Amino acid sequence: MTMEKIHAGGTFALYSLLCRHAKISLLPNCQMADEELSTYNIDDFPQTKAGSRVKTVLEKCRFFHTMLLIVALIGTCMVIGDGVLTPAISVFSAVSGLELSMSHHEYAVVPIACLILVGLFALQHYGTHRVGFMFAPIVLTWLLCISAIGLYNIIFWNPHVYRALSPYYMYNFLKKTQRGGWMSLGGILLCITGSEAMFADLGHYSQLSIKIAFTSLVYPALILAYMGQAAYISTHHDFTGAYQIGFYVSVPEHLRWPVLAIAILASVVGSQAVITGTFSIIKQSLALGCFPRVKVVHTSDKIYGQIYIPEINWILMSLCLAVTIGFRDTKHMGNASGLAVITVMLVTTCLMSLVIILCWHKNALLAFLFILCFGSIEALYFSASLIKFREGAWVPLVLAFIFMFVMYVWHYGTIKKYEFDLQNKVSLKWLLGLGPSLGIVRVPGIGLIHTELVTGVPAIFTHFVTNLPAFHQVLVFVCIKSVPVPYVRPEERYLIGRIGPKEYRLYRCIVRYGYRDAHIDDHEFENQLVFSIGEFIRSERQNLSPNVDSSQDGRMTVIGTPRREDMISDETDECMQSASASNPRSPIIQSIHDIIEVNSPKLVRRKKVRFLLPNSPEMDRTVRDELQELSDAKEAGTAFIIGHSYVKAKRGSSFLRKFVINVAYEFLRKNCRGPSAALNIPHISLLEVGMVYQV
């Protein structure tokens, strides 16, 4: 909770923090410019000797890179598994209160629970902001309700139960029961279920609000509720059915129906928190290249972090229904959920011990004491949960194995594709030998070539011009890159550079996003990209020294995202023109004319942005000519060129590699969203170039 520099919770947030402080990422696309981001947050404090040794060992050994990724994937997959189990057990246990109120409860509990789960997941696409105003009153009512019932049971049945707060009774219990007491620890984990989702949701709530709410309201209410149940059970030993040992049996009979209604609503709110945490951590893994491409929908324009992933939503719903119908028992569901929760905590503790050494620059003894204290307790609970493998604990392990296999295969295929691009990129010397026309016909317009490379010309370019010897007059190699930070400030979003001499009209643009950033749509991205290139052309002349060769690939300039006030509508063009000319950030754009064309009786509107140059005599003629050519190319139209890759294992590869690449990765590639859908590229402007990657 004290890690203010994470800005978001979850195991991948910890993993990305470690990647910022040590070169342990398996994807070799890091740049020195990324470390200059204001959100990168690398402290200038000196490393301890132990920290330096640990960092050196981790960076040199690729085995540790893979192991750290696997540990992060295990924690992430267990959070996803928790996103399956928590809604199932929360709703089912809440609805199970019907057991004490209906005669034929065995026929009603499962259908009602399934109906509530279907409704919960069916409403996810609306976003939590539409019904979020109801969450706080429901949770507050539920906490006050269980605390009041607990206080009533304490006073009425056993006022001396408060003595159970002493650690002596815990020690005495374990001493007497020994192996039986150790095995019972797995069931206690349900008392702390939800804390792992709270950590994953740190990006949605402030730390102070969570601390105040937990210490002043949640924790006291839970303690009173559990003490009340203990007081009731201490004087009631003659249960007629095993199903009566639960929360509802301690509720006064005349209050059971109202409490049942509040419990169902509270279970829906709790399930919503876990589902939101699952969406959040999947988006993080997607941004870091560890999950197949899925559609991420931001359900709120005002509140960041409220997202919806359709594919994951329906997968979670199907698995929740399967668990509910398959188990029909809170005991087995509890064993499964407990193992998922404690595994997430154990992974978090392991990663935190590295964070203490590498990121906080603390003594290695402190990290050892941290993992000894928390890790030993969590290992005790983990072993108690794992021994119930046949009683439901196998479910999170199976789910984690499936999701981890998918994530690791996708990440492995992504790395191999990048390494192939890196090995087969076109040399700058070959490009310069073609001359300004590149040996092909240059047609009007802008060509945006999407690539994963941050340096060099991708092989897709030569593959395209070999088969179709014509290209646009302005070429931009665009790399949309995810950096291991929560977000990138708009003023640091774009890195613009030039490939070759000016007359080639070849540019490189690296667009950097954090794992919490929302990607802008294609129309706005196109306008911002052209604006940023124009700003680069203008600033290049002012900042470039006479003895610097601007044709060298790799020299990049940070260009900020253009502000909306820089873009002036047609109606206010004349009155705002002088203000635009005096704006130091955008002297290129004097006005933007919005031409609205009505294409059909349905009033479908399309905005076309036209860039006009200022009549400034101080501007260099070569700069003006290049800007004018950029503006004319924008008017002629923009085409998006992306690679449609087919990844195949090389001849002579092992059977395992052939299976992973030719079968598993190919299956994921065919069944996930394509690059054009993930980048929101309009089909009318899309050109796909097929290529075979021999990895």
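# Briefing: cores, salt bridges and surface

In the largest nonpolar core, which has 91 residues, Leu18, Phe279 and Val323 touch the most other members. A nonpolar core here is a set of buried Ala, Val, Leu, Ile, Met, Phe, Trp, Tyr and Cys residues joined through side-chain atoms within 4.5 Å. Buried means under 20% relative accessible area, exposed over 50%, and partly exposed in between (1.4 Å probe, protein chains only).

This is a predicted model: local features need pLDDT of at least 70, side-chain atom pairs count only at pLDDT 80 or more, and totals for chains, interfaces and linings use all residues. Residues are numbered from 1 along each chain as its sequence is written, and side-chain values use heavy atoms, with hydrogens and water left out.

- Helices (H or I, at least four residues) and strands (E, at least two) are DSSP runs, numbered from the N terminus.
- Phe279 touches Gln124, Ile307, Tyr308, Ile309, Ile312, Asn313 and Leu316. That list leaves out residues up to four places away in sequence. Contact means heavy atoms within 4.5 Å.
- A second core is separate and has 33 residues. Ala639, Tyr665, Val689 and Met691 are among them.
- In soluble globular proteins, nonpolar side chains tend to be buried together.

**Salt bridges**

- The structure holds 7 salt bridges. The criterion is a side-chain nitrogen of Lys or Arg within 4 Å of a carboxyl oxygen of Asp or Glu.
- One of them joins the side chains of Arg498 and Glu626, at 2.8 Å from N to O. Arg498 lies in strand E5 and Glu626 in helix H19 (residues 621-636), so the pair ties together parts 128 residues apart in sequence. Arg498 and Glu626 are both buried.
- Glu526 and Lys634 also meet in a salt bridge through their side chains, at 3.5 Å from N to O. Glu526 is in helix H17 (residues 522-543) and Lys634 in helix H19, so this pair links parts that are 108 residues apart in sequence. Glu526 is buried at 14% relative accessibility, and Lys634 is buried at 8%.
- Glu666 pairs with Arg669 in a salt bridge, with the closest N and O atoms 2.5 Å apart. Both residues lie in helix H20 (residues 655-671). They are 3 residues apart, about one turn of the helix. Glu666 and Arg669 are both buried.

**Side chain to backbone contacts**

- A polar contact is a pair of N or O atoms within 3.5 Å; within protein, one must be able to donate a hydrogen and the other to accept it, and residues adjacent in sequence count only if both atoms are side-chain atoms.
- Arg493 sits in the loop between strand E4 (470-482) and strand E5 (494-498). Arg493 is buried, with a relative accessible area of 11%. Its side chain reaches the backbone oxygen of Arg512 at 2.9 Å.
- Thr215 belongs to helix H9 (residues 207-235). Thr215 is exposed, at 53% relative accessibility. A polar atom of the Thr215 side chain lies 2.7 Å from the backbone oxygen of Lys211.

**Surface patch**

- Leu365, Phe368, Leu369, Ile371 and Leu372 form a nonpolar patch on the surface. Together they have about 470 Å² of accessible area.
- Patches are made of residues with over 30% relative accessible area and no salt bridge; like charges are joined within 9 Å, nonpolar side chains (Val, Leu, Ile, Met, Phe, Trp, Tyr) within 5 Å. Accessible areas come from the Shrake-Rupley method with a 1.4 Å probe; for residues, only the protein chains shown count as cover.
- Leu365 lies in helix H13 (residues 364-386). Leu365 is exposed, with a relative accessible area of 52%.
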